[in-house]
Amino acid sequence: MNIRAVGRATEAGELGMLTKERGEARAFQALVKQMVNLKSMENLDVYIHHCMNEQGADMVAELVKVHYPTCRPHIFPCRGLTSYYAENGGILAGF
């Protein structure tokens, strides 16, 4: 069905669903939209971790730079526990 989930950590430390999108590109746009809604990204570092999806992480970094040119995205591969949460092809972003 090609449905992608966009979520965030809850106060209880669990993963809470924000939105579901069809397709990777729409999910990345929804992720950046949620980031913009949650916090001003001017002059912030954004840490993007990918689980075997460097191309997707690059897409997210470019979308962030479109909205906030002064934002500094950093891309890393997932390791250990983050690989479990991101799953194969997933993206995690911290800001």
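Three strands form an open sheet in the order β4-β3-β5, with mixed pairing, where two strands pair if DSSP finds at least two bridges between them, and where helices (H or I, at least four residues) and strands (E, at least two) are DSSP runs numbered from the N terminus. Because β4 (72–77) and β5 (91–94) stand at the edges with a single partner strand each, one side of each is left without a neighbour in the sheet. From one strand to the next, the twist averages 20 degrees; axes are lines fitted to C-alpha atoms, for helices over the stretch in contact, and angles run from 0 to 180 degrees between N-to-C directions.

This is a predicted model, in which local features need pLDDT of at least 70 and side-chain atom pairs count only at pLDDT 80 or more, while totals for chains, interfaces and linings use all residues. Residues are numbered from 1 along each chain as its sequence is written, and side-chain values use heavy atoms, with hydrogens and water left out.

Strand β3 (residues 45–50) and β5 run antiparallel and are joined by four bridges, and Y47 has G94 in β5 as its bridge partner. Helix α2 (residues 54–67) packs on the sheet and touches β3, β4 and β5, its direction making about 160 degrees with that of β3; contact means heavy atoms within 4.5 Å.

R72 and D45 form a salt bridge, with the closest N and O atoms 2.8 Å apart (a side-chain nitrogen of Lys or Arg within 4 Å of a carboxyl oxygen of Asp or Glu). This pair links distant parts of the chain, since R72 lies in strand β4 and D45 in strand β3, 27 residues apart.

| Residue | Relative accessibility | Class |
|---|---|---|
| R72 | 37% | partly exposed |
| D45 | 26% | partly exposed |

Here buried means under 20% relative accessible area, exposed over 50%, and partly exposed in between (1.4 Å probe, protein chains only).
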